[in-house]
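Subject: Structure handover

Hello,

Here is the structure I promised to pass on to you. Have a look at it first, and then read my notes below.

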Amino acid sequence: MAMTIRDAVRHTFARIGLLTREWLRLNWDRLYGVRSYVNTSLWVVPFIALLVEQVIVRLTGALGTWLAESGRIDAQHAFFGLTVSGARSALETIVSMTLSFLVFTFGSLLVAVQVAGGQYTPRVIATIFLSNKVVRACVGLFVVTLFFALRTLAEMDRAVDQLNAAVSALLGLLSVVTFLFLIDYAARMLRPVSIVASVGNLGLDVIRSVYPEQTGRSNREEPVAKRPAAERTLVNTGASGVVLAVRVEQLVDLASKAGGIIEVVPQVGDFLAADEPLFHLYGGAAAVSDADLRATVALGVERTMEQDPSFAFRILVDIAIKALSAAINDPTTAVLAIDQLHRLLRRVGLQDLRGERFRDEQGQVRVIFRTPNWEDFVHLSCTEIRHCGVGSIQIPRRMRAMLENLMQTLPPHRHAELRQQLELLDQAVAGTYSVPADLALARVADTQGLGGALGVHPEVDPSRIPIQRPPADRS
């Protein structure tokens, strides 16, 4: 009988595990959307902090009871030996202080969001500010301190819970230190160099995850065999949205079991309207259920960076062209953005961009899923900035330094597109600068935009640049 019960329990748990995995598979797209929302929602942190505060209250209560019963502390004079009036005054101060910290933090965050959206780009709001772990942790500490002190104050009548009063005082002291740190951190975080560096770091992470392998000697792949017409096309029957992520490994598994090929029509980051094609199905993949296929694609209202390496490039380019606008006119910030684009392009150029075909364990092509190629990244990094910034002498100098350095450090099969961008840059510079001295200066590569590169290039000596002076007025 014991073995029968044990087997029944094992079977029940195995069945529950199987049903859970099946539910997670069929609802992966919804779970991904929920996770993305939670990661960029600040209200979730205070809610979690309330749960943490409840745990701390119960732990301190159990600890205080054990210490009192064991005779290890004097219930009247333990820790600080606070009187009722003294404890009440201290706790009221902690409550007022932490409440002020919260108001100041949220008010400053709103100002930071407005500044970032107006001066940099609205796309950094969710990416940099709302999902910032340091800010969220500080807000959580303030909420824990506030409600713990409120509870201690409310439960204090004629006697002081010395342990809870001591914990409240320690939390209040930690909140003061954290608040001072948060002011310094926020001031540093709002600087242009900090914002573009944060975007660059996130971009490097997603590039490594999407393109994990190093590039080979050539980026050429075997030619793709011409496919027949799709046997079935699955359209988006839900709400319109941006493609946030695609679960490629699940698609490979579905196509392998069905013995066919699944083609994902949109790329990550594309906007997919209702009734637009989502999948083209070939061979046995035409029999895969609609629910299984739709569960592998997550849609949302705004692009995220988790599977979208070009989104980091998009944010940096937006920051650069806004800095180059007549309203802001800050080309040095654009140079900082080009610094990070240089960093990302070098990493992308060293990775294997894989093309569009994903294979199963037997080497058969099962999924066709397009990702950005090298030309996409280079065009995205150079075209708009060249158009908007060629008139600011810092920009062509910094772009030339970036392109020349990439040609020196990347494999030869990456050079063709870089060489074409150099030619386009030369044409844009020649059509913009009519003064020979400025034209010669704009054609010098400089990693600082406008720094000390003239000493590095002796062939461009300012003293030897002919200067055309206007004819003297003889009247």
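Let me begin with an open sheet of 3 strands, which come in the order E4-E2-E6 with antiparallel pairing. Strands E4 and E6 stand at the edges with a single partner strand each, so one side of each has no neighbour in the sheet. Please keep in mind throughout that this is a predicted model.

Helix H2 (residues 28-39) packs on this sheet and touches both E2 and E6. The direction of H2 makes about 40° with that of E6.

On one hand, E2 is joined to strand E4 (residues 271-272) by 2 bridges, and the two run antiparallel. You can find this pairing at Gly241, which stands opposite Leu272 in E4. On the other hand, E2 pairs with strand E6 (residues 297-300) over 4 bridges, again in the antiparallel sense. Here Val243 stands opposite Leu299 of E6, and Ala245 stands opposite Ala298 of E6.

There is also an open sheet of 5 strands, in the order E1-E5-E3-E8-E7, and its pairing is mixed. Its edges are strand E1 (232-235) and strand E7 (357-359); each has a single partner strand, so one side of each is left without a neighbour in the sheet. From one strand to the next, the twist averages 20°.

E1 and strand E5 (residues 277-283) run antiparallel and are joined by 4 bridges. Val235 has Pro277 in E5 as its bridge partner. Helix H9 (residues 248-258) packs on the sheet, where it touches strand E3 (260-264), E5, E7 and strand E8 (365-369). The direction of H9 makes about 140° with that of E8.

Now to the helices. Helix H8 has 19 residues (192-210), and at 1.5 Å a residue it should span 27 Å. Its end C-alpha atoms are 27 Å apart, which agrees with that expectation.

Which residues of H8 are buried? They are Ser194, Ile195, Val196, Val199, Gly200, Gly203, Leu204, Val206, Ile207 and Val210.

On the H11 side, the contact is made by Pro309, Ser310, Phe313, Arg314, Val317, Ala320 and Ile321. On the H13 side, the residues are Phe377, Leu380, Ser381, Glu384, Ile385 and Cys388.

One last topic is the cysteines. How many disulfides does the structure hold? The number is 0. Cys138 has a relative accessibility of 5% and counts as buried, because the cut-off is under 20%. Cys382 is buried too, with a relative accessible area of 0%.

I hope this helps you find your way around.

Best wishes

Technical notes
Residues are numbered from 1 along each chain as its sequence is written. This is a predicted model: local features need pLDDT of at least 70, side-chain atom pairs count only at pLDDT 80 or more; totals for chains, interfaces and linings use all residues. Side-chain values use heavy atoms; hydrogens and water are left out. The expected span of a helix is 1.5 Å times one less than its number of residues. Buried means under 20% relative accessible area, exposed over 50%, partly exposed in between (1.4 Å probe, protein chains only). Two strands pair if DSSP finds at least two bridges between them. Axes are lines fitted to C-alpha atoms, for helices over the stretch in contact, and angles run from 0 to 180 degrees between N-to-C directions. Contact means heavy atoms within 4.5 Å. A disulfide is a pair of cysteine sulfur atoms within 2.5 Å.
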